[in-house]
Amino acid sequence: MIPFNKPFLTGKETFYIEQAVQSGKISGNGMFTQKCQTFFETQYGFKKALLTTSCTDALEMCALLIDCGPEDEIIVPSYTFVSTALAFVRQGAKIVFADSETENPNLDVSKLESLITPKTKAIVVVHYAGVAVDMDVVMQLAQKYNLVVIEDAAQAIDSYYKGKPLGSIGHLAAFSFHETKNIIAGEGGLLAINDEKYVERAEIIWEKGTNRASFFRGEINKYGWVDTGSSFLPSEIIAAFLWAQLENLSVIQNKRKTIWDTYFNALQVLEQQGKLRLPQIPSYASNNAHMFYLVCDSLATRSALIAHLKSKDIHAVFHYLSLNKSDFYLKDNVEEILPNSDCFTDTLVRLPLYYDLNSKEQQKVIQAIKEFYA
């Protein structure tokens, strides 16, 4: 069976975990946490980077940092994972769903301004498959209406918009190191802070509402409960695992890009024949090879393709279900018509893409797809 995903190990993960254990400090914010955070601040220019136990936690920190509540509206793409919306729903905010573009699943920036009301507090963009949303448009609207921009960059490590690292453009950003991502720690995430005004409070929220981080830096002589917060920081064991991955970022990225390019070049003929659509990378965006997907012409075709690949021992999968049609959302809201999001819900299929996918296996996937469309 060729799986959809297979976690890649560099070989140093357990070595660094053992180092962390032997150091006598395996709770959060130790040596490996600092190494990882410094890496992100140096590599991508974030003003502050804080490791979290998940991308969901990083998004929940964003919701706390912007003080959103029942009087606020948050614009979120419908075609995304539930965490993107849930982080703000938990604070009582109202979610306003944005439709996808026609050519790719990112939110349609041309319709963004029409969603803004006097109650809008923030725009959350998701860089689907690591491909950038048109951030100039988003940031101009945010400045015009005095809004916060949060980048859900769960899939977007080491990807760029006009040469700027994704996650460094909005006021806040969240990354994921789930085992399905390019760089992994099993679970794990990161909050990136680009607006200085959020830095101090973010550390407090991160440390369960205390000013403990300031205490350990010697800035105060005692620490206490000063704000809301939770236990958002991961253990040193997770950070040690992550550090082994970050040391090999360029190696991992280069291999994934080679696999992505092989799929694209081999399947272009089917797109030219009008049988499917391949991912579209806008001129302003880079490609971090987070995933390779196809867009079929219908739900029936996609279901048949997935079944065909399964019969060949190849595991391909669909992706998100439009959140505007979810049972939870519809309990208190009327269903919205978002045709592009619904289209991707019904027609997008993701192919196996992981570091250890070898050439023979990839050619088997490609051949099976060509057989289906023959």
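This is a predicted model: local features need pLDDT of at least 70, side-chain atom pairs count only at pLDDT 80 or more; totals for chains, interfaces and linings use all residues.
Contact here means heavy atoms within 4.5 Å. Thr210 sits in the loop between α6 (199–206) and α7 (212–216). Leaving aside residues up to four places away in sequence, Thr210 touches Glu203, Ile204, Tyr223, Gly224, Trp225 and Val226. Thr210 counts as buried because its relative accessibility is 14%, and buried means under 20%.

Take α1 (residues 13–22). Its buried residues are Glu13, Tyr16, Ile17 and Ala20. Looking down the axis of α1, these buried residues fall within an arc of 105°, so they line one face of the helix. As for what covers the buried residues of α1, the list includes α2 (31–44) and α8 (236–246). Just after α1, Gly24 takes a positive phi of about 85°.

Now α10 (299–311). This helix has 13 residues and reaches 18 Å from its first C-alpha to its last, which is close to the 18 Å expected at 1.5 Å a residue. Which residues of α10 are buried? They are Thr301, Arg302, Leu305, Ile306, His308 and Leu309. Down the axis of α10, the buried residues fall within an arc of 160°, so they too line one face of their helix. Ala300, Lys310 and Ser311 are exposed on the other side of α10. The cover over the buried residues of α10 includes β10 (293–295), α12 (339–347), β11 (348–350) and α13 (359–373).

**Positive phi values**

Most residues other than glycine have a negative phi. Here are some residues that go the other way.

| Residue | Phi |
|---|---|
| Asp158 | positive, about 60° |
| Lys162 | positive, near 50° |
| Asp313 | positive, about 65° |

Asp158 lies in the loop between β5 (148–152) and β6 (160–161), while Lys162 is in the loop between β6 and β7 (164–165). Is each of them buried or exposed? Asp158 is buried because its relative accessible area is 15%. Lys162 counts as exposed because its relative accessibility is 52%.

**Aromatic rings**

How many aromatic pairs does a search of the whole structure find? The search finds 23. One of them is Phe39 with Phe40, an edge-to-face pair at 5.6 Å centre to centre with 85° between the planes. Phe39 is buried, with a relative accessible area of 16%, and Phe40 is buried at 0% relative accessibility. Tyr79 and Tyr320 make another edge-to-face pair, at 5.3 Å centre to centre and 70° between the planes. Why call these two edge-to-face? Because planes over 60 degrees apart count as edge-to-face.

The Tyr79 and Tyr320 pair links distant parts of the chain, with the partners 241 residues apart. Tyr79 is in the loop between β2 (73–77) and α4, and Tyr320 is in the loop between α10 and α11 (327–330). Tyr79 is buried at a relative accessible area of 1%, and Tyr320 counts as buried at 12% relative accessibility.

Phe39 and Phe40 also belong to one aromatic cluster, together with Tyr44, Phe46, Phe175, Phe177 and Trp243. Elsewhere, a charge meets a ring: the charged end of Lys255 sits over the ring of Tyr355, 4.4 Å from its centre.

**Arg90**

Last stop is Arg90, in the loop between α4 (82–89) and β3 (94–98). Arg90 counts as exposed because its relative accessible area is 58%, and exposed means over 50%. What joins the side chains of Arg90 and Glu60? A polar contact of 2.8 Å does. For a sense of spacing, Arg90 and His315 are 225 residues apart in sequence and 34 Å apart in space, taken C-alpha to C-alpha.

Methods. Residues are numbered from 1 along each chain as its sequence is written. Side-chain values use heavy atoms; hydrogens and water are left out. Helices (H or I, at least four residues) and strands (E, at least two) are DSSP runs, numbered from the N terminus. Buried means under 20% relative accessible area, exposed over 50%, partly exposed in between (1.4 Å probe, protein chains only). A polar contact is a pair of N or O atoms within 3.5 Å; within protein, one must be able to donate a hydrogen and the other to accept it, and residues adjacent in sequence count only if both atoms are side-chain atoms. Rings of Phe, Tyr and Trp (its six-membered ring) pair if their centres lie within 6.5 Å; planes under 30 degrees apart count as stacked, over 60 as edge-to-face and the rest as tilted. A charge sits over a ring if NZ of Lys or CZ of Arg is within 6 Å of the ring centre and within 35 degrees of the ring normal. The expected span of a helix is 1.5 Å times one less than its number of residues. The arc is that of the directions from the helix axis to the C-beta atoms.
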